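Visitor: I would like to learn how to read a few local features in a model. Please take them one at a time.

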Amino acid sequence: MAVRPRVGGFPYLAETLRRAGVTRNVWQLPACQSLYLTGRGAVLQQGTPLVSGMADVPGFDQPALIRALRTDQAGESSFPDFLQASWNAGVVRYEVDLLERQVTYYGCNGESYVEHYPAVSL
């Protein structure tokens, strides 16, 4: 995270993870729980949850999700801000397929949005 470019940095982070052997990364929102899957096993990282207690789940709002993505890609938000904006757009989970270079964002009723990211050289 520290060495990626501020603008358009996600593909660099993803390539670093891929080279380290991570094949998929699954984020659960609002728990901010990240599961890294590798051929040698899985590693779980628990972040600070976005909500506590009972909370209404926002409806899936694809245009709001795309705005959150473009804001992040332009370097105009922090990662915690991106996670909050994704949750506000109704994302309950997203999966990064590091081999296919795509991210799929899911709502709680089966909605999804897929975005591909470019290959980069480190």
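**Rings, sulfurs and backbone**

Guide: Tyr117 is buried, at a relative accessible area of 10%. Buried means under 20% relative accessible area, exposed over 50%, and partly exposed in between, with a 1.4 Å probe and protein chains only. This is a predicted model: local features need pLDDT of at least 70, side-chain atom pairs count only at pLDDT 80 or more, and totals for chains, interfaces and linings use all residues. Residues are numbered from 1 along each chain as its sequence is written, and side-chain values use heavy atoms, with hydrogens and water left out.

Visitor: How many aromatic pairs are there?

Guide: Start with the rule. Rings of Phe, Tyr and Trp (its six-membered ring) pair if their centres lie within 6.5 Å; planes under 30 degrees apart are stacked, over 60 edge-to-face, the rest tilted. The count is seven aromatic pairs. In one of them, Phe10 and Tyr117, the ring centres are 5.1 Å apart and the planes stand at 85 degrees, so the pair is edge-to-face.

Visitor: Which parts does the pair of Phe10 and Tyr117 tie together?

Guide: Helices (H or I, at least four residues) and strands (E, at least two) are DSSP runs, numbered from the N terminus. Phe10 lies in helix α1 and Tyr117 in the segment after β6 (112-116), so the pair ties together parts 107 residues apart in sequence. Phe10 is partly exposed, at 27% relative accessibility.

Visitor: What about Phe82 and Tyr94?

Guide: Their ring centres are 6.3 Å apart and their planes at 75 degrees, so this pair is edge-to-face. Phe82 lies in helix α3 (residues 79-88) and Tyr94 in strand β4. Both Phe82 and Tyr94 are buried.

Visitor: How many disulfides does a search of the whole structure find?

Guide: A disulfide is a covalent bond between the sulfur atoms of two cysteines. Here the test is a pair of cysteine sulfur atoms within 2.5 Å. The search finds zero. The sulfur of Cys32 is 17 Å from the closest cysteine sulfur, in Cys108, too far for a bond. Cys32 is buried, with a relative accessible area of 4%.

Visitor: Where is Cys32 placed, and what is its phi?

Guide: Cys32 is in the loop between β1 and β2. Its phi is positive, about 55 degrees, although Cys32 is not a glycine. Pro30 is in the loop between β1 (22-28) and β2 (33-38). A cis peptide bond joins Leu29 and Pro30, with omega about 5 degrees.
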